[in-house]
Amino acid sequence: MSHMWFSSLARLATIVMLLVILSVLSPPFLSLQNLINVVRQASLLFLLASGLTVVILTSGIDLSIGSVLALSASIAATLIKQDWIWVGPLIGLLVGAGCGFLNGLMVALVGLPPFIATYGMLWIAEGFAVVFMKGEIIGGFPSSFRFLGAGHIVGIPVPILGMVVTLSACLFALRRTNFGRYVYMIGANREAARLSGINIRGNLLLVYSLSGFISAFAGLLFISRIGAVESTIGEPLLLPALAAVCIGGTSLFGGEGGIGGTVVGALILTLVTNGMNMLNVSSYWQSLLMGAIVVLSVAVDQLGSARVERT
Amino acid sequence: MVDDLVLRLEGICKEFPGVKALQDVDFDLRRGEVHMLVGENGAGKSTLIKILAGAHQLDTGRIVINGRPADIQNPAQALGLGVSVIYQEFNLVPFLSVAQNIFLGREPRHPKFPGLIDHARMNAESQALLESLGVDIDPWATVHYLGVAQQQMVEVAKALSVNAQIVVMDEPTSALTTREIEQLFAAIRRLTARGVGVIYISHRLEEVFQIGDRVTVLRDGKWITTMNVQDATMDVIIQAMVGRIIDRMFPRDFAIEKGEVALTVRNLHRHGVLQDINVTVRCGEIVGLAGLVGAGRTELARVIFGADPYDAGEVTIFGRTVRGSPAASVAVGVGFLPEDRKREGLALILPLRENVVVASLRRLFPSGVIKRAKEHTVVTDFVKSLDIATPSINRMTKFLSGGTQQKVVLAKWLCTQSRFLIFDEPTRGIDVGAKAEIHQLMNELVKQGAAILMISSELPEVLNMSDRIYVMHKGRITKELSREEATQEAILRHAMGVTT
Amino acid sequence: MSETLWRGWARRVAMAPGAVYALILLSLAFALFTAQFLTLHNLTNVGMQGSVLVIVSLGMTLIILSEGIDLSVGPVLGLAGVVLALAVKQQVPLPLAILAAIAVGTTFGALNGALISYLGLPPFVVTLGTFGVAQGCALILSKGSSIPELGPRVQYFYDGQIFGVRVPIILTAIVFLTVYLILYYTKFGTYIFAIGGNQQALTLAGVRTLRYKAGVYLLGGSLAATAALVMTARMNAAHPTVAVGLEFDAIVSVILGGTSFERGKGWLGGSIIGALAITVLRNGLTLVGMSSSWQVSTVGLVIILAIVADALRRI
């Protein structure tokens, strides 16, 4: 227990440290406008990473979140442009959930290793997105839709509210419901979970479907914010989402960590990228950084692990 | 004569947390002899062998090989000193050839192309080795496609090729046909003819008389006797294996009224694993399931619980036919405490609290939402009633002692209000004090109308706790013993399939 | 007598890895659908286009045999190509430039190997991370754009011929021979099978298992760099993100080719057949006139179907 408290403290300390360093290096950093931007950006990242967190808690992984986001957003956008302002997003969400469900089928029923199954889905979803969009970019959404990404409620940007709502919902689901317990148990010891009478298949199907649904949801907010969508928007999103989860302390081996950590991870990551932008560091460094962060987090996780046996 | 001894183990002691595995054990091996090592499950045979093989380290004692003291810290060192162990699960690489397996780690270099392996030489030498054992196996053959007996021969050839002086065989004949056993014995005789000393562990006592020169009996981690096979008889050996004075154990109350039938198993069949099983368990009784490792007891328990499928027959629990999944069984009211509680019974990285309620969530919180206060009360009640030693219910389960962990598993099932519980080795690896507590709990449970099926390898426990005992051997039930009929020897005889 | 012979034959056919079926079925289908498929010109094209994938798949076979996986080969290839191109543009003598590219690939391979073998980290996460790092490096060095016009000496590695046979095919043959020798005639190769099949047996035999486990990734990295040479020559340019998705094709080639993730069972030839099958698929779809957008999803779909079918067949 103390091990986990220490790392939470360490993470919060990192945030404070980053804030201090960045505001010294670049004074405009501390402006209210910039800080709100950072939190809004982090919210979008967090949204995408939240579904991934739940999957990883079951000791699985979902590599398809970026492509599913792109596919569902593309479909939703196309429909929205044709004045299906309510149905469009709904269909997008269904598509996301459907892709997730297929992932769940492959993992839970066929028994494919999660990274193979979702890696395949990554390419299928991307492929369909490319076909659907025919290489075009869709933009110019009606303002009612743009409200989602660019609007404010009570002065607070909608994406941030979205993050708060999702965070609360996920926290509740994971810590206060039977389902949440099953998720942790499956990740902590799958065989013991099975022998305790937990329905492994059903729960995994739900978890992966949820991940797909949340990816689609994140996608809607994402394209609403930037005001445009094309088939490849999902490509660069997997690595940051994975990095956010890892930094947040959720173990890739399952059963440890949680949504709270992912928020912190998303914040830290966004602070770093925002800082790099302010300091005019090329965005190409970001890919490098993400990769390095993922590797470092896993290494630290492995070395300080609470598990009994790791071979 | 001391010169004759290729191996001497002196005063070996080994302790694991809560269990004295070996106490002051002496053992020696002469050149060219087959020395049988026998004893019940848990007598200490595997621990002794593992210490010799470098898989465990001894606490106190000495190992002397060929007159020189040996310090064996790991398997590679044991190999270097001439010790070769052939385990029941072979150590072969499935998709390499026979020759590659025999020479693994010592591949001969090609004379003309440095860096390449001399396959021709490797195969020729392997062929020679196999022939010297009297076996006809193609050195190019892929090990995966060979039969078990042939794979075993590859292991023996491997031992020969490293010029092992001490070869240990752990239950070598459990999967062999009669003819294959004869071939194995012939190969062993060729080994001993070259001066190799063989330590042979077996539960098949008849083999002692077929191939053994001397036999040593271990019991409860202690050396009991060593004798020449020609001076021994089956009775004497069995008597040595079980002849313990049974300490006073928890006084079981057998005057409990038997209630409804909890479990009926009829003609259960699982291909290759279980045959023709018929079992009944009633509420108010503890039924013991005895037998040797590999007899099929855990397999039977898992099938009853729904963790594994079966091919034919019927399993009925509280009148309902059950088949399919653990989830279904739990719904009917069955609980299963597995043999390996860390791997199958608990999630060690989760807190105690979560492990206790995980199987009862649907019952406790039908709405799906967990009420912390109720959870707290429920878990705390169990901590009290089972006397679970923990500073807090939020403690990570990994940090609890073995006995406490077992109590947590028990709490988990009690929480589900299951009335039929299957215990697989309930007190293994648990200290004496906690053992007695668990026995008391089991007694209480059946007093309150539960039914228990208990698998145990500890004969005193089986005798002390069971109303009736089923003995299993090779996937079948060889005998049902009533409390009056049951003695340690009777159980062991039927467990070993000794019919004389 | 002939019946048992036929039965034995039938069993071997039934047991053949999915790649064989895929290649045969796809080739038949395209041969029927379009007249252009079975021409010598096109088949040579297939061989050439496939050479990059074959080279990478050979390295991937060894990695998967050792129970690992390498998701970073795509960006590493891209990075090696960028390094090669930059060196050439800087008037560095070609042999040195090639050496530099291979050094880059080998370094990333060594990094993967060290993290996976010595630190015991899960392969797919580590290589996902090095994917990002390599991608970042490639983008930084190339400033995000291609480096074109590398000149005929580089192009030689795709267009050139030796004794009438095109260079990429010779290169592929050399790589295949080398990997074949390594796998079946050296200790390294034997130990790779052991690491995948029963790592404990190897450790018990006193072998320093970890260094061989790391070595497979090193080899994979260098092969990715070798493939970069062919790819760069073909396009006469280096582009940092040219090979994204290559790891997917390579992994699929290996799995369909009969190499198993968990038992140390594998077939080099199968990986080549698998790589050819995928190349035929892409080539055929282009011949048929399918737009590249459709191709991405069709290829993905066909591949997933093949893998699932293969998995179900084994159950």
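1. Let me begin with the fold of chain B. Among its contacts between residues at least 6 apart in sequence, 68% join residues at least 24 apart; two residues are in contact if their C-beta atoms, placed from the backbone, lie within 7 Å. The secondary structure of chain B comes to 18 helices and 20 strands, where helices (H or I, at least four residues) and strands (E, at least two) are DSSP runs numbered from the N terminus.

2. A word on what we are looking at: this is a predicted model, in which local features need pLDDT of at least 70 and side-chain atom pairs count only at pLDDT 80 or more, while totals for chains, interfaces and linings use all residues. Residues are numbered from 1 along each chain as its sequence is written, and chains are lettered from A and ligands numbered from 1 in the order in which they are written. The scores are ipTM 0.85 and pTM 0.83. For chain C the average pLDDT is 86, and 93% of the residues score at least 70; pLDDT is the predictor's confidence in each residue, from 0 to 100.

3. On the dimensions of chain B, the C-alpha trace spans about 75 × 55 × 45 Å along its principal axes. Of the 500 residues, 48% count as buried. A residue is buried if 20 or more other C-beta atoms lie within 10 Å of its own, exposed if 12 or fewer, and partly exposed in between, with C-beta atoms placed from the backbone.

4. Do look at the hairpin in chain B. Strands E9 (residues 214-219) and E10 (residues 222-228) run antiparallel and are joined by 6 bridges; strands pair if DSSP finds at least two bridges between them. Thr216(B) has Thr226(B) as its bridge partner in E10(B). The hairpin has 2 residues between the strands, and Asp220(B) takes a positive phi near 55° there.

5. Two further backbone angles deserve a glance. Most residues other than glycine have a negative phi. Asn267(B), however, has a positive phi near 50°; this residue is found in strand E11 (residues 261-270) of chain B and is exposed, with 11 other C-beta atoms within 10 Å. Lys474(B) also has a positive phi, near 50°, and lies in the loop between strands E19 (468-473) and E20 (476-482) of chain B. With 14 C-beta neighbours inside 10 Å, Lys474(B) is partly exposed.

6. How many residues does chain C bring to its contact with chain A? Chain C gives 33 residues and chain A gives 30. On the chain C side, helices H6 (123-142) and H13 (292-314) are the elements that give two or more residues, and H6(C) gives the most, with 14. That side divides into 23 nonpolar, 10 polar and no charged residues. Here Ala, Val, Leu, Ile, Met, Phe, Trp, Tyr, Cys and Pro count as nonpolar, Asp, Glu, Lys and Arg as charged, and the others, Gly among them, as polar.

7. Turning to the other contact, 23 residues of chain A touch 27 residues of chain B. H8(A) gives the most to the chain A side, with 6 residues, and that side divides into 10 nonpolar, 7 polar and 6 charged.
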